[in-house]
Amino acid sequence: MTRVVAFHSYRGGTGKTNVAANVAAELVRRGRRLAVVDVDIQSPGIHVLFGCDPSAGSTLNDFLWGRCRVEEAAFDVTATVERGAGEPAGPARGRLSLVPASVRTADIARVLKEGYDVEMLNDGLMALCRQLDLDYLLIDTHPGINEETLLSIAIADIALILLRPDHQDYQGTAVTLELARRLEVPRILLVVNKMHPEFDAALLAARIAETYAADVGATIPMSDEMLRLGSGGLFSLADPDHPFSVQIRRLVTAIDG
Ligand SMILES: Nc1ncnc2c1ncn2[C@@H]1O[C@H](COP(=O)(O)OP(=O)(O)O)[C@@H](O)[C@H]1O
Ligand SMILES: [Mg+2]
């Protein structure tokens, strides 16, 4: 059985895409078979972290417009993780596929103008799990609530809701959390990102857990190194001992046991 893990946040820039990509890399290194799907059709980006060019093949958009089967839009990016891990970490035994969304302006405009068939997206995600015999399906989403975020929450076995320690994020997070609860997601984990490095992580996690009556999967500090990398790669592989990477592994342990 494939486990569906959806990454959400009410506001943008919380780190969904970076956290999802690094979680994916760790899962592959654990020997899991997984696919990452970019359902942030309005502002796709996760392909960048895997050094993938969506225009080199078919995308999620092509599938949604009936131009290809969903598995034909999957790029095998396992090698990116193997390269990123370097020699000492050893080769990944798992497999990582990426279904990117189109970065062409006309394609993005078409989705915004005409929409798409949400049921087809659902069917595509399910078909991908079967066709690629996946252990995990990771879904990266657009911030806020829209059709694709609703779908991904509805089908998720685990919903990861990212938030920053910022008053603007707090209220929105409650909305997303409420939605995930109503849709009866079996497991919900809050992920605090961009925490001030001088904050007491355990205290902050305890406060947030109490406020939302929800589990906190990780408290990730704001880091200069991440800022410097600027989504240019998979940070947790390049610097496995960094606090960011330690928290990613903590999150992966919460997901994968
Ligand atoms: N812990 C962190 N420390 C510093 N910068 C971060 C951290 N997490 C994410 N970022 C940066 O924040 C920006 C937004 O991250 P991204 O993953 O694209 O968020 P989202 O997908 O939620 O919009 C990126 O430039 C990313 O490099
Ligand atoms: Mg994103």
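I count two residues as in contact if their C-beta atoms, placed from the backbone, lie within 7 Å. With that in hand, I looked up the contacts in the protein with a separation of 6 or more: 76% of them join residues 24 or more positions apart.

**Ground rules.** This is a predicted model, where local features need pLDDT of at least 70, side-chain atom pairs count only at pLDDT 80 or more, and totals for chains, interfaces and linings use all residues. Residues are numbered from 1 along each chain as its sequence is written, while chains are lettered from A and ligands numbered from 1 in the order in which they are written.

**Overall build.** I found 12 helices and eight strands in the protein. Helices (H or I, at least four residues) and strands (E, at least two) are DSSP runs, numbered from the N terminus. The radius of gyration is 17 Å, close to the 18 Å of the globule rule for 257 residues, so the protein is as compact as a globular protein of that length. That radius is taken over C-alpha atoms, and the rule is 2.2 Å times the number of residues to the power 0.38. The C-alpha trace spans about 50 × 45 × 35 Å along its principal axes.

**Burial.** I call a residue buried if 20 or more other C-beta atoms, placed from the backbone, lie within 10 Å of its own. Buried residues make up 46% of the 257.

**Strand 6.** Six of the six residues in strand 6 are buried. I158, L160 and L162 point one way, A159, I161 and L163 the other.

**Its neighbours.** I looked for pairing, which takes at least two DSSP bridges between two strands. Strand 1 (residues 3-8) runs parallel to strand 6, with four bridges between them. H8 has I161 as its bridge partner. Strand 7 (residues 187-195) is also parallel to strand 6, joined by six bridges. There, L163 is partnered by V192. From strand 6 the chain passes through helix 8 (residues 167-182) to strand 7, a right-handed β-α-β crossover. Right-handed means that, with the strands pointing away from the viewer, the path from the first strand over the helix to the second runs clockwise.

**Ligand 1.** Which residues come nearest to ligand 1? Of the 19 around it, they are G15, K16, T17, N18 and M226. A residue is near if its C-beta atom, placed from the backbone, lies within 6 Å. Helix 1 (16-29), strand 7 and helix 10 (224-229) each supply at least two shell residues. Helix 1 gives the largest share, three residues.

Conventions. Buried ≥ 20, exposed ≤ 12 C-beta atoms within 10 Å, placed from the backbone.
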